[in-house]
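Here is a walk through one protein model. Keep the sequence and the 3D view side by side as you read.

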Amino acid sequence: MGESSIEVRKLDHIRICLEKDVEFKQKTTWFEFVEFIHVAAPELNYDDIETSTEFLGRKFSAPILIEGMTGGAKGTEIINKNLAMSALEFNIPLGLGSQRAAVEKPELVESFRIVRDVAPDVFLIANIGGVQLIEGGVKLAEEVVSMVDANALAIHLNPLHEIVQPHGTTSFKGTLDAIRKIVEKLSVPVIVKEVGCGISGELSRRLSEMGVAAIDVGGAGGTNWAKIERIRALEKGFLENAAIGKTFLEWGIPTAAATIEACTSTKIPIISSGGIRSGLDIAKAIAIGASMAGIARPLLHHAVVSSDRIVKVLRQMVSELKTAMFLTGCQNIESLKKVNVVITGRLLEWIKQRGIQHPKVRI
């Protein structure tokens, strides 16, 4: 199996994410700069709090999305199987890892298809890279959607990841035109996502004008793909790639800033992801404008063991979300979206310098 094998890379990613510290060191999500105003007399009962919400035409039990993590290598089936069973039990959407490997090697389709086998009714989001769609076009998009009978397609944008990755694909010219054509032709909604560097307001507006159904900001502050690929590059002797990774370890728009950029630039649903680690983070993401919050790595360590362990983590997060709603007097997600927040520090400075008009920020 050659060094450039996608299957080897997929297994490297899982191993490194499970064994190494792959979080940002200096940069955070900036959710610490979002403060709720405590309500000492909520005038509601905790047990009456309702976390259900609608996203892309379907009702879910909570504004939580399990982000795409893996697939496309032997041994990843169990991870996707456990994630699917927990998503079905919780009635929340599930994303898949990039399906490029299964397109090139059909014997790997089962690592993705197993999700449909164990969770036929789960809201499933197929996944392919924007850079692959420049050449593959609508036909490739349709292939990955039909591979798993997906309810939506996520197109991931990852320019820094590709630069640091040994044998990465760095020809991104034409990506937006490819996305536009796919949005026009595909029968399911298209979500465009980053993988840890964030999506700006300018790009959010442009994607919305193309007809993209939702944006997953994938901001900085959580899992760091420049660090993951730098580790791989060092292990395999690609020292130039590793050096670039070191220089750009703290690159990207922090998740809270990316969420505000996207939410104030378009009216389509925004998924806040990148370093979401608690139900309080989810509550803050919703309060500053997101429709959903995406979670990946906090579930990965449990996904290699059992679906029960994933469900336990999700229950904890929902309890924390409900606690934040209780302490701010919010009985449901719609009232959480309207609750006031105080934004301070570097996030407030970002909003000022970017000239962002956020309805909850008085400058």
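Two rings of Phe, Tyr or Trp, the last taken by its six-membered ring, count as a pair if their centres lie within 6.5 Å; planes over 60 degrees apart make the pair edge-to-face. This model is predicted. By that criterion, the structure holds five aromatic pairs.

Take two of them. Trp-30 and Phe-33 form an edge-to-face pair, 6.1 Å centre to centre, with 70° between the planes. Trp-30 counts as buried because its relative accessibility is 6%. Phe-33 is buried too, at 17% relative accessibility. Phe-248 and Trp-251 are also edge-to-face, with centres 5.3 Å apart and planes at 65°. Phe-248 is partly exposed at 31% relative accessibility, and Trp-251 is exposed at 51%. The cut-off for exposed is over 50%, so Trp-251 passes it.

The largest nonpolar core has 104 residues, and Leu-153, Leu-336 and Leu-347 touch the most other members. Helix 14, residues 307–327, gives the most to this core, with nine residues. A second, separate core has eleven residues, including Phe-55, Leu-65, Phe-123 and Ile-191.

Look at Leu-336 in detail. Beyond its neighbours within four places in sequence, Leu-336 is in contact with Phe-36, Ala-283, Ile-286, Ala-287, Leu-321, Met-325, Cys-330 and Lys-360.

In strand 7, Leu-153 is the bridge partner of Ala-126. Strand 7 covers residues 152–157, runs parallel to strand 6 and is joined to strand 6 by five bridges. On the way from strand 6 to strand 7 comes helix 5, residues 130–148; the three make a right-handed β-α-β unit. Strand 6 also pairs with strand 5, residues 94–95, in the parallel sense over two bridges. In that pairing, Gly-95 stands opposite Ile-125.

How many residues of strand 6 are buried? Six of the six, residues 124–129, so strand 6 is largely enclosed by the rest of the structure. In a regular strand the side chains alternate between the two faces of the sheet. Leu-124, Ala-126 and Ile-128 point one way from strand 6, while Ile-125, Asn-127 and Gly-129 point the other way. Residues on both sides are buried.

Gly-97 sits in the loop between strand 5 and helix 3, residues 100–104. Gly-97 is buried, because its relative accessibility is 4%. Setting aside residues up to four places away in sequence, Gly-97 touches Lys-10, Gly-68, Met-69, Thr-70, Phe-112 and Asn-127. In sequence, Gly-97 and Lys-193 are 96 residues apart; in space, their C-alpha atoms are 12 Å apart.

Leu-347 takes us to helix 16. The buried residues of helix 16, residues 345–353, are Leu-347, Leu-348 and Ile-351. Seen down the helix axis, these buried residues fall within an arc of 100°, so they line one face of helix 16. An α-helix has 3.6 residues a turn, so residues three or four places apart point the same way. The buried residues of helix 16 pack against strand 1 (34–36), helix 11 (255–263) and strand 12 (341–343). On the other side of helix 16, Arg-346 and Gln-353 are exposed. Just after helix 16, Gly-355 takes a positive phi of about 65°.

Helix 11 holds Thr-255. Is Thr-255 buried or exposed? Thr-255 is buried, because its relative accessible area is 0%. Apart from residues up to four places away in sequence, Thr-255 touches Thr-29, Phe-31, Val-217, Gly-219, Ala-220, Ser-272, Ser-273 and Gly-274.

Asn-224 lies in the loop between strand 9 (214–216) and helix 9 (225–236). With a relative accessible area of 2%, Asn-224 is buried. Leaving out residues up to four places away in sequence, Asn-224 touches Val-22, Glu-23, Phe-24 and Leu-249.

Key: Residues are numbered from 1 along each chain as its sequence is written. This is a predicted model: local features need pLDDT of at least 70, side-chain atom pairs count only at pLDDT 80 or more; totals for chains, interfaces and linings use all residues. Side-chain values use heavy atoms; hydrogens and water are left out. A nonpolar core is a set of buried Ala, Val, Leu, Ile, Met, Phe, Trp, Tyr and Cys residues joined through side-chain atoms within 4.5 Å. Buried means under 20% relative accessible area, exposed over 50%, partly exposed in between (1.4 Å probe, protein chains only). Helices (H or I, at least four residues) and strands (E, at least two) are DSSP runs, numbered from the N terminus. Contact means heavy atoms within 4.5 Å. Rings of Phe, Tyr and Trp (its six-membered ring) pair if their centres lie within 6.5 Å; planes under 30 degrees apart count as stacked, over 60 as edge-to-face and the rest as tilted. Two strands pair if DSSP finds at least two bridges between them. A crossover is right-handed if, with the strands pointing away from the viewer, the path from the first strand over the helix to the second runs clockwise. The arc is that of the directions from the helix axis to the C-beta atoms.
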